[in-house]
Amino acid sequence: MAADEQASHVDTLIHARWIIPVVPGGKVYENCAIAVRDGKILAIHPSAEAEKRYRADQVVHLDRHALIPGLINTHTHAAMTLLRGYADDKPLMEWLQEHIWPAEQKWVASGFVADGTRLAVAEMLRSGTTTFSDQYFFPEDTAQVARETGIRAQIAFPVIDAPTPWSRNGEDALQKGLSLRDDYRAHDRLDVVFAPHAPYTVGDETLEKIAVYAAEAQIPVQMHLHETATEVQRALKEGGERPIERLNRLGLLSPQTLCVHMTSVEPSDIELLRESGAHVAHCPRSNLKLASGFCPASELLEAGINVALGTDGAASNNGLDLFAEANTAALLAKAVSGRADALPARQVLAMATINGARALGLEDKIGSLESGKSADLTAVDLGGLEQQPLHDPISQLIYTASAHNVSDVWVAGRQLLAERRLTTLNETELVQRAQDWRARIAGLSI
């Protein structure tokens, strides 16, 4: 029998200058190839060995690239790309109450969310993100866009006790969200979870219901928490306890809970996070832009708390580039702690990948390049002038790479970005729709 007839069939064989699996931490494979079959990672071998072992339908050569797990954005509001730059340079509560919330009341509807989410998905794919967790109104439209475009998504449906563009009250939001969860229960790329908005928008009765549902059905929960010192002070004044203490009392703090922001943190808060097994989504660029404070990410990680990365929405960031988020997280930790060794590059890469998978409850599927996991892959070109000389590819990923260095992206083995070209979205159409929305919001005729 000929050698090629003896070879095992795979769908895709990707050769790369460096393959960084993230697990085990710090490991770098040089001049190796990853074999993909039926949307999953089969194995990693030296390139010469892989060529003998496998017969592939598609062979990709990435001679100057690092191949890494697809990045995981654990917190965003995708449709808010259409409000990018709408009300910049405002404090958080003024930004929300006087600008964002009124704009949402006027404009947010199914079409707005669908168009904004398509724009966001395109931006995330072009910057290497293969999974995002989204918390926004009309989550059914966000889910549909994710389904159509091929990206992986966790749809965190928003629960607010007051009327919103999507729901009449907390109970209405819960019923709609649970119905949506039923619709996608068997989907391989989409998961629907709870997202009570914040301690100041959701009452005890609704939070207790969510705690019961989440515990009984093992459904993750995502919530804005300790976003500012003002939020914490207000909670202490009105209820006599810190927001995280309230969540703990109501049974909502657990290994299924993702606490978003956590900028105002005391030792007692860290202890509650550690004891409960809850996770933290660190959104440094949004927090910096809104002057919300600093999440002590390095301190939390040292305490054994899982910390992942999120961009927040493009209205408060103003981008969805997780490489920029990783770079900011690394630099901010050093500045805040006064320690140059705080959040080293390999730890920040883990925050953007495997830590994100753990925070979303998806670590058995994604977050690292291991046999049996989904082939969610990102290729980053490190051959440019700005990356030379290259002593350490992991360091270069965090300190010099950006969205523009991402060349190719796969989700479950399907290529969604090929040499910077989106395969499931029309870039020209996306730009035109975004411009139409800008004109509409500005009151211009279109």
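Arg440 sits over the face of Trp437, 4.0 Å from the ring centre; for a charge to count as over a ring, NZ of Lys or CZ of Arg must be within 6 Å of the ring centre and within 35 degrees of the ring normal. Trp437 also belongs to one aromatic cluster with Trp107 and Phe112.

A note on the basis: this is a predicted model, where local features need pLDDT of at least 70 and side-chain atom pairs count only at pLDDT 80 or more, while totals for chains, interfaces and linings use all residues. Residues are numbered from 1 along each chain as its sequence is written, and side-chain values use heavy atoms, with hydrogens and water left out.

On to the ring pairs: the structure holds five of them. Rings of Phe, Tyr and Trp (its six-membered ring) pair if their centres lie within 6.5 Å, and planes under 30 degrees apart are stacked, over 60 edge-to-face, the rest tilted. Two of the pairs are listed here.

| Pair | Centre to centre | Plane angle | Type |
|---|---|---|---|
| Tyr136 and Phe137 | 5.1 Å | 50 degrees | tilted |
| Phe194 and Tyr213 | 6.1 Å | 10 degrees | stacked |

Phe194 is buried at 0% relative accessible area, whereas Tyr213 is partly exposed at 29%. Buried means under 20%, exposed over 50%, and partly exposed in between (1.4 Å probe, protein chains only). Tyr136 and Phe137 are both buried.
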